[in-house]
Structure formats: structure tokens, C-alpha cells
Number of protein chains: 2
Amino acid sequence: MPYKVNISVLVADDHPLLLKGLYDELSANGYTMVGMAKDGMEALELIIKHQPTIAFLDIDMPYLTGLEVIRTAKDKGIATHFIILSFLKDETYISQAKALQISGYLLKEDTAETIYKCIEKVMAGETFFSPSFNSESLQQVSLEFLKLKKLTPSELTILKLISKEKSNAAIAESLYISIRTVEKHRSNIIAKLELENNPNSLTIWAIQNKSLIKDIT
Amino acid sequence: MPYKVNISVLVADDHPLLLKGLYDELSANGYTMVGMAKDGMEALELIIKHQPTIAFLDIDMPYLTGLEVIRTAKDKGIATHFIILSFLKDETYISQAKALQISGYLLKEDTAETIYKCIEKVMAGETFFSPSFNSESLQQVSLEFLKLKKLTPSELTILKLISKEKSNAAIAESLYISIRTVEKHRSNIIAKLELENNPNSLTIWAIQNKSLIKDIT
DNA sequence: TGCAAAATAAGTAGGGCTACCCATTATCTA
DNA sequence: TAGATAATGGGTAGCCCTACTTATTTTGCA
């Protein structure tokens with residue numbers, strides 16, 4: 001474990017207060033701060049210039065998302081350890097982050113102690129995910145996710161249209177298929193998602209899970 | 001305009017870094033800080049105890065949401081000016097906030113300068129909404145709100161049940177009235193909300209605006 | 001190439017939501 | 001107290017969604 005002062009850190013977040021809070025916290029604790037960035041573009045520039053040991057990145061930033069910054073930096077062979085700092089407990093982001101082989105994923109609700117623990121683990125070559133991630137709700141999301149993956153491409157197409165409040169008639173028209181076919185797909189979707197036998201259960205589910213559906217391929 | 005030191009401020013947020021950042025920022029700028037709370041329960045206790053001039057509250061906190069804290073505090077006749085500080089540019093939250101007659105609504109992407117401007121306005125008796133909200137969407141929300149206010153008590157009761165995914169039959173049963181009455185109310189609600197003539201438009205609207213409906217009285 | 005899965009679609013039936021009509025009773029307020 | 005508003009509910013009709021069944025064609029993969 002190197003001295004803290006030999007660990008250079010960059011923080012990037014488009015929320016000024018949080019950015020300042022994190023910067024001051026780490027700075028006061030002896031880490032060498034190489035900069036703070038208020039958007040993805042700034043973050044990428046500073047990372048290329050300083051090649052910090054560790055970079056904390058928000059996901060949702062102007063110009064470039066944190067994930068895009070990581071992808072670009074890694075493409076350039078930069079060896080920085082990346083830690084995502086997001087306020088979203090979003091399953092799809094997690095899987096993307098894992099795909100990019102990032103070092104850690106923290107939530108903004110995590111305490112400073114958790115952040116230090118994360119840095120320790122990362123410097124030891126391990127990965128660290130926020131302890132909040134073992135919650136039931138996330139497993140629930142994963143469950144819904146698994147069910148969604150059972151859908152065939154056509155079913156998915158139709159589900160997306162349902163989530164956009166299209167009626168069967170409208171869906172049939174836009175896909176150049178019969179209403180009966182749409183109805184059949186709906187039935188199959190309902191079965192695969194294991195929805196209750198209530199009126200409009202599929203419509204309701206689709207609208208409630210709109211953001212989940214949007215990102216499925 | 002009173003001296004800053006005579007303005008007592010409380011901050012509440014379940015994101016430790018942001019909480020610390022905001023506290024330090026305001027503190028360093030001469031405001032009298034009466035405390036920081038990491039959840040809604042703590043926030044409410046401190047507000048009741050200290051009755052600060054201004055309270056900054058996050059919406060999404062453990063135990064009690066910021067909006068619930070405000071509702072409870074106002075019920076107790078506490079004269080604190082409430083400013084919401086949220087990550088979310090969610091229109092329904094805005095509506096709820098307006099329903100509670102809060103003093104300001106800031107986003108976490110706002111700068112410290114914006115926060116000070118907000119405090120100024122609030123101390124001058126005005127309200128302040130984050131510049132990130134375009135006036136269009138604010139007006140849109142106000143419009144929806146006005147429409148909702150046209151509903152009679154019975155219509156509102158039924159709308160709340162619709163937003164909980166109850167069918168007409170279930171609503172009729174729970175209110176001990178005829179399904180036909182429920183249907184009649186639905187028709188009237190649709191007319192008052194000026195919904196499009198699409199299948200299930202009311203069900204969809206109710207679910208999408210669930211959080212808005214919840215707080216109307 | 002041939003089989004399995006997926007996509008297509010129709011028949012029949014039933015239940016839910018909505019519109020437009022109507023009427024009665026209750027409640028509140030000027 | 002009278003008139004307006006709200007709440008109650010029936011008739012009829014239409015469209016939409018869903019279930020269960022059956023069947024044909026298309027597609028993808030082994």
C-alpha cells in the first residue's frame with residue numbers, strides 16, 4: 001500500500017456541491033488531488049494529462065458520460081483506476097460498468113468511510129461495489145430483468161410500443177401486422193412476465209417499467 | 001435583509017458528501033448553521049427543536065421524505081422557509097412542492113451562487129425555482145395542477161384508487177357504490193383533465209401522475 | 001437439409017373501460 | 001328556501017384487452 005500522498009486522484013461530477021465536498025474530503029485526508037472536473041470533457045482532458053492513480057466519475061455529466069470517459073481513456077491505454085460515483089442504483093448501468101472492467105461503483109449515499117474502504121480495495125487490486133447493492137430491491141430488478149430477457153425480439157418490439165402508450169390497433173398498424181398477432185404477442189408477454197390476471201396489467205406494467213424496457217436489446 | 005448571521009439554516013441530505021459540502025459552504029459564508037441531518041427523521045426533529053429560518057431538504061431520504069418533513073412541520077405551525085434540494089428534475093415533485101407552498105426548489109447541479117440567490121429571494125418573501133427548469137414545463141405542471149383542482153372530493157377519491165391500479169369493480173366495492181357510479185365519475189374526470197380519447201387514457205394518466213395525485217386534498 | 005422456435009393470424013368468448021343518454025337524491029350555498 | 005352543484009345509478013352501445021384454441025408460414029440453427 002503506497003503512501004496516500006503518492007496516490008493521485010481526480011474527481012468529476014456536475015453537481016458542484018458534491019464535487020467540492022468530495023474534493024475537500026479527499027484533499028484533507030492526504031490524497032494528492034490532480035483536479036476537479038465539472039463535465040465529462042474536462043474529466044477526459046485531465047485524465048489524459050495527469051493520468052491519475054484513481055478517478056472518481058459521475059455517470060450523468062454534460063458532453064460525455066462517465067462511462068464514455070472510461071471507455072475512451074481505456075482505449076488510449078491509460079492505467080487509471082476508475083470508480084463510478086452515481087446516485088443511481090440502476091442495474092443497466094452496473095452491467096455496463098462491469099463490462100468496462102471498472103474498479104469500483106459507489107453510490108452518493110455512501111459515507112466517506114465507504115469511499116476510503118473502496119480506495120483501499122482498489123489499490124490492493126480488488127474491485128469494490130457499494131454495500132447498498134445487495135438490497136432486495138436490486139435483486140427484484142434483476143428478477144424483472146431475467147424475465148424480460150425471455151422475450152423474443154418481436155415481443156420486445158411490441159412491449160416497447162406498449163410502454164409508449166400505443167394501443168394494439170396502433171401497434172398493428174405501425175408494424176404492418178394483424179391486430180390478432182399483436183394480441184397473441186401480448187398474451188405471450190403477459191405469460192412470460194408472470195403478470196397478475198388483472199385488467200390492463202400489461203399496459204400498467206409497461207408504463208411503470210418504461211425506463212427498464214427502454215434499455216433492453 | 002437581515003444579517004446572514006441572523007439567518008439560521010438547517011441542511012438535510014442522505015448523501016454525506018453533498019451534505020458536508022453544502023454545510024461547509026454555507027457555514028464559511030457566514031450563515032448560522034443549526035445542524036445537519038442525514039435522514040428525514042433527524043431533519044424533522046432538528047426543525048422542531050430549532051425552528052430555523054431556512055431548511056434545505058433533499059426529497060429522497062430514509063424514514064421520511066423531504067416533502068413529508070415539510071408537511072408535518074407546516075402542520076405544526078412552524079414558520080421555517082423550506083427549500084427543496086433534489087437531484088431530480090421531476091415535474092411531479094415540483095407539483096407536490098408547489099402544493100406544499102414551499103419557498104424554493106433547487107437542483108444539485110446548481111452552483112453555490114444560485115443557492116445564495118435563492119436564499120436572498122426567499123428572505124425577501126419570494127419563491128425561487130432552479131433556473132434549470134424551463135418556464136414551459138413549470139407552466140405545464142401548473143396547468144395539470146389547476147385541472148386537478150377542478151375535481152370534486154368524490155372524483156379525487158376515485159382518482160386516487162385508480163392510481164393504485166384498482167379496477168372499477170374494485171373501486172365500487174371498496175366505496176360501497178355502484179360500478180355505474182364509478183364509471184360516471186371516471187367520465188367526468190376524463191373530461192375535467194381533458195384527456196385524449198384513447199383506450200385506458202385515464203388509467204395511464206393516473207399511474208404516471210401517481211405522486212402528484214397522492215398529495216392533492 | 002430438416003427440425004424447433006418464432007411469427008403470423010383467425011375463431012370464439014368474456015370482461016373492462018368509455019361515451020352519451022337519462023333520472024333521482026343529497027348537499028351546500030346565496 | 002330555492003337553485004346550483006355533487007353524488008348516485010340505470011340503458012345502450014362501442015371499442016379495447018385478454019384467454020384459450022387452432023393453424024400456417026417464416027426463420028434460424030444444428
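Welcome to a quick tour of this model's chain A and chain B, whose contact takes 24 residues from chain A and 26 residues from chain B. Please keep in mind that the model is predicted.

**The interface between chain A and chain B**

- Putting the two chains together buries an area of about 2,100 Å², and carbon and sulfur atoms give 71% of that area.
- Polar contacts do occur between the chains: the count is three residue pairs, with both residues at pLDDT 80 or more.
- On the side of chain A that touches chain B, helix H1 (16–28) and helix H10 (201–208) of chain A each supply at least two residues.
- H1(A) gives the largest share of that side of chain A, with seven residues.
- Sorted by class, the side of chain A that touches chain B holds nine nonpolar, seven polar and eight charged residues.

**Helix H3 of chain B**

- Helix H3 of chain B spans residues 66–75, and its buried residues are B:Gly66, B:Leu67, B:Val69, B:Ile70 and B:Ala73.
- Looking down the axis of H3(B), you will find these buried residues within an arc of 155°, so they line one face of the helix.
- As a handy reminder, an α-helix has 3.6 residues a turn, so residues three or four places apart point the same way.
- Just after H3(B) comes B:Gly77, which takes a positive phi of about 80°.

Technical notes
Residues are numbered from 1 along each chain as its sequence is written. Chains are lettered from A and ligands numbered from 1 in the order in which they are written. This is a predicted model: local features need pLDDT of at least 70, side-chain atom pairs count only at pLDDT 80 or more; totals for chains, interfaces and linings use all residues. Side-chain values use heavy atoms; hydrogens and water are left out. Contact means heavy atoms within 4.5 Å. Buried area is the accessible area (1.4 Å probe) that two parts lose on being put together, summed over both. A polar contact is a pair of N or O atoms within 3.5 Å; within protein, one must be able to donate a hydrogen and the other to accept it, and residues adjacent in sequence count only if both atoms are side-chain atoms. Helices (H or I, at least four residues) and strands (E, at least two) are DSSP runs, numbered from the N terminus. Ala, Val, Leu, Ile, Met, Phe, Trp, Tyr, Cys and Pro count as nonpolar, Asp, Glu, Lys and Arg as charged, and the others, Gly among them, as polar. Buried means under 20% relative accessible area, exposed over 50%, partly exposed in between (1.4 Å probe, protein chains only). The arc is that of the directions from the helix axis to the C-beta atoms.
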